[in-house]
Amino acid sequence: MLKKIKDLAVSHGEEIVALRHHFHTHPEVAWEEVETTKKIVDILEKLGYTIVKKGFGGTECGVVADLKGGKPGGCVALRADIDALPLQEENDVPYASKKPCVMHACGHDAHAAMLLGTAMVLAKIRDEIPGTVRLLFQPAEESGLKAGAKAMVEEGALEGVDSIGGLHCWSLAPTGTVLYRSGPIMAAADGWYLTIKGKGGHGSAPENAIDPTITAANLVLNLQAIVGREVSAKETVVISTGVMKAGETVFNIIPDSVTMNGTVRSFNPAVQDTVEAAMRRVIAGLCAAGRCEFSLDYKRFIPATINDHEVTMTAKAVCEDILGAENVKESELVMGSEDYSYFEQKVPGTYFFLGTANPDKGTNTAHHHPKFNVDDDALPAGSAILAGFAWARLTKNG
Ligand code: NI
């Protein structure tokens, strides 16, 4: 069946590429994917899919659709995110974005097109499918706190689903390859927002002030001691200070307060707990030592993406069959984050990277860059892999 799936995906290659170009020309940012959703719904309805739910998070964005196979069985979900980024495109291609400062610079146009290609393939083998394939076209992967995946899970998108698969195109790996990983693959992203309050005064008389910059300076260094001294060397964690603001432009004034913001990345939820608790303790301790008051807002934005071993092995076997074993390799840990993690908190799943880098076409530019682009030649295989994964899960009962 995988051979047939692959041939079907190749036969739909031109349509898949045309769809990607359409989405690329008409990008929509997080929670504004109204036209994108309409287009997807239209195609799915024509293919005979049942629209389970359209619109998430109080919007008209995103859709869940089912294809009920001809035989009884379990339910497997496939996910594509569909949002673009607020970025001005710098690619000189015929299908460049027509919207100022909105661009598909992460390849979610390709994700939507590939999953529609998968929908076409599965529709053709429908009678033979044992169970249901559920397609999740997810809005707002890039939106931080109001994550599209979270909204979909909360609104029942995974009800009755046994397992889930999803992919991200990857400009760091060559076209025709896949990077998979069992266990953690992408990091949890936390944010911290701190104000250290002292007492301003004249720069010549610090004894009459409480200088918050001393406490801030101590803190920026001591945060790294948490990584080095409180977390096992076998774990992976990053604490970064991204914003540090004190005073204005006057050289002889001790400022009243310092604002600091930063991020924490981790893969193990127990380490995430340790780091947050340690940061709260170190901040409170250093502020007390420096006679400063503080307010801290620590936010857990996105959990770590942790792949199920067995489901990952299904995807790996399918990828090896479709791309050749030599083109399927283990991924490193990726410090970026993905709201796909919310799906994997609910059902066993896997998430992997589809290589789209082709230096001759310039598609090896970093994600989120104004010159980011996807190698269209990678797309039919992506559609085939997702369809093959669904088939492989269902023939094992979900
Ligand atoms: Ni992305």
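Start with the lining of the largest pocket, which by class has eight nonpolar, seven polar and five charged residues (Ala, Val, Leu, Ile, Met, Phe, Trp, Tyr, Cys and Pro count as nonpolar, Asp, Glu, Lys and Arg as charged, the others, Gly among them, as polar). The model is predicted: local features need pLDDT of at least 70, side-chain atom pairs count only at pLDDT 80 or more, and totals for chains, interfaces and linings use all residues. Residues are numbered from 1 along each chain as its sequence is written, and side-chain values use heavy atoms, without hydrogens and water.

Next, select Glu141, Glu142, Gly336, Ser337 and His368, the closest to the pocket's centre of the 20 lining residues (those with an atom within 4 Å of a point on a 1 Å grid over the protein atoms alone; a pocket is an open set of points where a 1.4 Å probe fits, with protein on both sides within 12 Å along at least five of seven lines). The volume is about 390 Å³, as the space filled by probe spheres set on the points.

Now colour domain 1 (2-186 + 304-397) and domain 2 (188-302), with bounds from an automatic or database domain assignment. Both give residues to the lining, so the largest pocket lies between them. Contact (heavy atoms within 4.5 Å) takes 17 residues from domain 1 and 11 residues from domain 2.

Finally, select the nickel ion, coordinated by Cys106 (SG), His108 (NE2) and His168 (NE2) at 2.1 to 2.3 Å (donors are N, O and S atoms within 2.8 Å of the metal, or 3.2 Å for Na, K and Ca; water is not among the atoms, so sites may look incomplete).
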